[in-house]
Amino acid sequence: MWSYLANPERFERMARVLVPALWALAAVLFLIGIPWALVFSPPDYQQSDTVRIMYVHVPAAWLSMAAYAGMGIASFVYFVWRHNLADLAARALAPAGAVFAFVCLATGSIWGRPMWGAWWVWDARLTSMLVLFLLFLGYIALRAAIEDERLSARSGAILAMAGLINLPVIKFSVDWWNTLHQPASVLRFDGPTIHASQLWPLLIMALAFTMLLGALALTAMRTQIARRRADMLLRRREQRLEAEELKAGELKS
Amino acid sequence: MSAIADWAAMGGYAGWVWSAWGLTALAVGALSVLTVRARLAARARLKALEAELKDEARS
């Protein structure tokens, strides 16, 4: 299966159809989700209208974790099977994951001030989420710092795979430790505890952000493919010019 | 208070709600614009290079 997906031309053909479809789906879902979340969903009986922050905070949290999971899996595929496309996928997911993690932390902080009375507390959920954000930044910095493409890809893959351990820590931090952050109310073994009037707009917003993440990641992969192809063409031209100069020199002498 | 002003006041939490949503829109919007711009620039560079190489091959 990996080999089938790893063909860049096949990927390009697939992306050409998929990317516009994902942008369009994201736009439609946002058009439904935003008014639902901001206007039609009811205020919470405890949090009042600050509950509306949840409609961007929670999808951002889920998607930053999904982006990291994708990055970790793609890194594993690259590390084991050496498929360049898997490395491109990991690299493409990092900036989007970092932005979603940042949005999660920032909106959580904005919600925390009026509800908890604090912008930030060092509880296990918040701290592990901050670690995820730093892992994204570390991955991006590491990839940018190493010029050798193969070394950069391998080092990045090791970091991304090692960081996977943080995902269950984030998810179960609210169960394992006594945190100020509330426990899960949607992704629970015994089903969601959140009321349907808030669950549906939340799911629509999460789906909209998911489509957006897909479109962004595939677009970033296509960017990297185009860059690599351009670099390869330049290298080939340089080699050809060098060979021609050498030939001309030989003919003269 | 009109219904719209009432809604925009967000039960007295307007500053918190709108700043969270505004920040999200700004961050996600900027990411989207940068991602698409990078793609367009990379594609334009590749096309220009391919055309240049074609010309070189002809001459």
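Residues are called buried when their relative accessible area is under 20%, exposed when it is over 50%, and partly exposed in between, using a 1.4 Å probe and protein chains only. By this scale A:Glu244 is partly exposed, with a relative accessible area of 42%.

The structure is a predicted model, in which local features need pLDDT of at least 70 and side-chain atom pairs count only at pLDDT 80 or more, while totals for chains, interfaces and linings use all residues. Residues are numbered from 1 along each chain as its sequence is written, chains are lettered from A and ligands numbered from 1 in the order in which they are written, and side-chain values use heavy atoms, with hydrogens and water left out.

## Annotated regions of chain A

UniProt positions are given in the numbering used here, with shortened feature names, and the annotations may be inferred rather than shown by experiment. In an unreviewed entry, UniProt assigns "domain: Cytochrome c assembly protein" to residues 14-181 of chain A. With helices (H or I, at least four residues) and strands (E, at least two) taken as DSSP runs numbered from the N terminus, this span is 81% helix and 0% strand, and its end C-alpha atoms lie 41 Å apart. The unreviewed UniProt entry also lists residues 21-40, 60-81, 93-112, 124-146, 158-179 and 199-220 of chain A under "transmembrane region". Among them, residues 60-81 are 100% helix and 0% strand, with end C-alpha atoms 31 Å apart, and residues 124-146 are 96% helix and 0% strand, with end C-alpha atoms 33 Å apart.

## Salt bridges

A salt bridge is here a side-chain nitrogen of Lys or Arg within 4 Å of a carboxyl oxygen of Asp or Glu, and the structure holds 13 of them over all chains. The table gives some of these pairs.

| Salt bridge | N to O distance |
|---|---|
| A:Arg91 with A:Glu149 | 3.8 Å |
| A:Arg237 with B:Glu52 | 3.1 Å |
| A:Arg237 with B:Glu56 | 2.5 Å |
| A:Arg240 with A:Glu244 | 3.6 Å |

The bridge of A:Arg91 with A:Glu149 links distant parts of the chain, since A:Arg91 lies in helix H4 (residues 84-116) of chain A and A:Glu149 in helix H6 (residues 149-163) of chain A, 58 residues apart. A:Arg91 counts as partly exposed at 23% relative accessibility, and A:Glu149 likewise counts as partly exposed at 40%.

A:Glu244 and A:Arg240, by contrast, both lie in helix H8 of chain A, 4 residues apart, which is about one turn of the helix. A:Arg240 counts as partly exposed at 33% relative accessibility. Salt bridges that share partners also join A:Asp87, A:Arg91, A:Arg143, A:Glu149 and A:Arg228 into one network.

## The interface between chains A and B

With contact meaning heavy atoms within 4.5 Å, 44 residues of chain A are in contact with 29 residues of chain B. The size of an interface is often given as the accessible area lost when the parts come together. Taking buried area as the accessible area (1.4 Å probe) that two parts lose on being put together, summed over both, chain A and chain B bury about 3,100 Å² between them, 78% of it on carbon and sulfur atoms. A:Leu38, A:Ile110 and A:Arg237 supply 17% of the area that chain A buries against chain B, more than any other three residues.

Between chain A and chain B there are 5 salt bridges. One of the pairs that cross between chains runs from A:Arg237, in helix H8 (residues 196-252) of chain A, to B:Glu52, in helix H2 (residues 14-58) of chain B. A:Arg237 is buried, with a relative accessible area of 15%, whereas B:Glu52 counts as partly exposed at 37%. A:Thr223 is also placed in helix H8 of chain A and is buried, with a relative accessible area of 4%. Leaving aside its neighbours within four places in sequence, A:Thr223 is in contact with B:Thr35, B:Ala38, B:Arg39 and B:Ala42.

## Aromatic side chains

Rings of Phe, Tyr and Trp (its six-membered ring) pair if their centres lie within 6.5 Å, and planes under 30 degrees apart count as stacked, over 60 as edge-to-face and the rest as tilted. The count by this rule is 10 aromatic pairs over all chains. A:Trp111 and A:Trp116 form an edge-to-face pair, 5.5 Å centre to centre with 85° between the planes; A:Trp111 counts as buried at 12% relative accessibility, and A:Trp116 as partly exposed at 26%. A:Phe30, A:Phe100 and A:Phe209 form one aromatic cluster.
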